[in-house]
Amino acid sequence: MLIKILGSGCARCNRLEQLTREAVGEQGVDASFEHVRDMDAIMAYPIMTTPALVIDEVVKCSGRVPSKDEIAGWLRG
């Protein structure tokens, strides 16, 4: 599983990455992480605001930091 955090590295982006890493650890999922900070690469995704969470090239959310439970649901789904 490839997980991407899209964002400039602001506090919200970092919080999203932290929560996602915690959820991955709790679920026992084998995942690799990439924090995409390049604006051209971010603009390639259909999002309007960051931070955004992309799991296996599917945008799961953008513009907010979801709860860890919400992230865990996307990892299972």
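Okay, let's start at the hairpin of E3 and E4: there are 2 residues between the strands, and Asp56 takes a positive phi near 50 degrees there. Before I go on, keep in mind that this is a predicted model.

So, that turn. Asp56 sits in the loop between E3 and E4, and it has that positive phi without being a glycine. Glu57 is in the loop between E3 and E4 as well, and its phi is also positive, near 65 degrees, again in a residue other than glycine. For context, most residues other than glycine have a negative phi.

Now the strands themselves. E3 and strand E4, residues 58-62, run antiparallel and are joined by 4 bridges.

Pro51 belongs to the loop between helix H2 (39-43) and E3.

On to the packing. The largest nonpolar core has 12 residues, among them Ile3, Leu16, Leu53, Cys61 and Trp74. Which elements give two or more residues to this core? Those are strand E1 (2-6), H1, strand E3 (52-55) and helix H3 (68-76). H1 gives the most, with 4 residues. There's also a second, separate core of 7 residues, and that one includes Leu6, Val36, Tyr45 and Val54.

Leaving out residues up to four places away in sequence, Trp74 touches Leu53, Ile55, Lys60, Cys61, Arg64 and Pro66. Two of those names, Leu53 and Ile55, you'll also find in the largest core.

Next, Glu17, which is in helix H1, residues 11-27. Why do we call Glu17 buried? Because its relative accessibility is 15%, and the cut-off for buried is under 20%. Its side chain has a partner, though: a polar contact of 2.7 Å joins Glu17 to the side chain of His35. Beyond four places along the sequence, Glu17 touches Ile5 and His35, and Ile5 is itself part of the largest nonpolar core.

Last stop, the aromatics. How many aromatic pairs does the count come to? It comes to 0. What you do get is Arg21 lying over the face of Phe33, at 4.1 Å from the ring centre.

That's my tour, thanks.

Technical notes. Residues are numbered from 1 along each chain as its sequence is written. This is a predicted model: local features need pLDDT of at least 70, side-chain atom pairs count only at pLDDT 80 or more; totals for chains, interfaces and linings use all residues. Side-chain values use heavy atoms; hydrogens and water are left out. Rings of Phe, Tyr and Trp (its six-membered ring) pair if their centres lie within 6.5 Å; planes under 30 degrees apart count as stacked, over 60 as edge-to-face and the rest as tilted. A charge sits over a ring if NZ of Lys or CZ of Arg is within 6 Å of the ring centre and within 35 degrees of the ring normal. Buried means under 20% relative accessible area, exposed over 50%, partly exposed in between (1.4 Å probe, protein chains only). A polar contact is a pair of N or O atoms within 3.5 Å; within protein, one must be able to donate a hydrogen and the other to accept it, and residues adjacent in sequence count only if both atoms are side-chain atoms. Contact means heavy atoms within 4.5 Å. A nonpolar core is a set of buried Ala, Val, Leu, Ile, Met, Phe, Trp, Tyr and Cys residues joined through side-chain atoms within 4.5 Å. Two strands pair if DSSP finds at least two bridges between them.
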